[in-house]
Amino acid sequence: MDGTIEKEHEHVSMKFVILVSIVSALGGLLFGFDTAVVSGAIGFMEEHFHLSQLQVGWAVSSLIIGCIVGAAFSGVLSDKFGRKKILITAAILFIIGSLGSGFADTFTLYVIARIIGGLGIGITSTLCPLYNAEIAPAKYRGRLVALNQLATVTGIFLTYFVNLWITNSGDAAWGISTAWRWMFGVGAIPGLLFLVLLFFVPESPRWLIKQGKPAEALPILLRIHGEALAKKEVVDIKKSFEQESGSIRQLFKPGLRMALIVGVVIAVLQQITGINAVMYYAPEIFKATGAGTNTALTQTILVGLVNFLFTILAIWLIDKVGRKALLLVGSGSMMICLIVIGAAFQTGNTSGPWILIFILLYVASFAVSLGPVVWVIMSEIFPNRIRGKATAIASMALWVADYIVSQSFPPMLGSIGPGITFWIFGAMSLITFLFTWRVIPETKGKTLEEIELLWSAPNNRKTL
């Protein structure tokens, strides 16, 4: 009888946690939409605003500038005002950015709107995984945080089709005058849904306890864990806050310094292994192999589909095999794929399906490892008292690396050629493999408070 009651309670608890995590992961959907929508709009905008090549680049990358700033301030703001309030602010910024981009009469107004939307994306990319990590049971935390990445790739994949549908709704003149406006404006719909649903989710219980409000946190933890485990969780969380206040200086002390190094380095490696160079410029890469425009666009949709399917696989595996194992297998496979792609370009042997096959294998390897796992690690390795600020630092580093890669990839293709460019990404994948093997601890199944102890335990400090 007791076992039945316990099982029923676990079912109710997980139903609540999954609901909350899905709402939070909608932030990932906005992330995916806003980073992909410009790919369909940029051609029309180039003609509408008579943009130079420099302005075309700025039209794409202005969002990332907003993301960097949003990520930088998300930690301080969420530590002060709460995760929920800042996520609500991010949803409002995203809606303003979407509508502002669509209604912009000048290129300057468009850029301002994209930066405003980027502020929202920078905040959600940092706080949605962090919020999920702080509310999820240890047993399921990996897959629930990884929902954010699944939502991101879903947003990217769906946006390809939304752009195609809008483009086909009128002639070329309509596309130049109006289609691109609808592409941006339609983003207000998921933004509004995200905003409304945020009012129905609770504040992070760990943030509430940090603010000295354990009485408000306990009912939330009761719904997640049940009475006995919830009370123990409150005690453990309170202890984690007793050591020191959450100042940035703490991150540079022995033990926690390694947590910061792991968070920042793995965030940067996620980007400099080349994934967004492939995702942003996939049609141009396929055209370089001799594919026509339509074929290149079809192959790009295949890339999006593989990214989506293997992210689902990662969610299933992450709490079974662990974060470290996925990173090792994924980065090793990425390195092999990038070496083969580079060799094909370097030798001029680009005919046939091999480039497409190995790019799909590379994307699959990323989607099952660095894509979701990096966000999970960033959200769980930092101590409660400093998690908001520390996650923001790692997230900001990720966005800066994304900006650098997206800006440097076209010049690299033009100067050193695609072969050497892909070999450089392959070398970064090798560094990722070695860094994971030597430095990153396994966090599967551990509570956030247990992970915190990993960095301060003397026996572990030598191996971390």
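How many cavities of 30 Å³ or more does a search of the whole structure find? The search turns up 1. This is a predicted model, where local features need pLDDT of at least 70 and side-chain atom pairs count only at pLDDT 80 or more, while totals for chains, interfaces and linings use all residues. Residues are numbered from 1 along each chain as its sequence is written, and side-chain values use heavy atoms, with hydrogens and water left out.

A cavity here is a set of points, on a 1 Å grid over the protein atoms alone, where a 1.4 Å probe fits but cannot get out; lining residues have an atom within 4 Å of a point. Grid points are joined across faces, edges and corners, and the volume is the space filled by probe spheres set on the points. The largest cavity comes out at about 30 Å³. Around it sit Val20, Val23, Ser24, Lys84, Leu87, Tyr131, Leu198 and Val201. That lining splits into 6 nonpolar residues, 1 polar and 1 charged (Ala, Val, Leu, Ile, Met, Phe, Trp, Tyr, Cys and Pro count as nonpolar, Asp, Glu, Lys and Arg as charged, the others, Gly among them, as polar). Helix 1 (2-48) and helix 3 (83-103) each supply at least two lining residues, with helix 1 giving the largest share, 3 residues. Helices are DSSP runs (H or I, at least four residues), numbered from the N terminus.

Then there is His50, in the loop between helix 1 and helix 2 (53-81). His50 has a positive phi of about 55°, though it is not a glycine. It counts as exposed because its relative accessibility is 67%, exposed meaning over 50% relative accessible area and buried under 20% (1.4 Å probe, protein chains only). Cys67, by contrast, is buried at 0%.

Note on methods: 1 Å grid on protein atoms, 1.4 Å probe; cavity = no way out; pocket = protein on both sides within 12 Å on 5 of 7 lines; lining within 4 Å.
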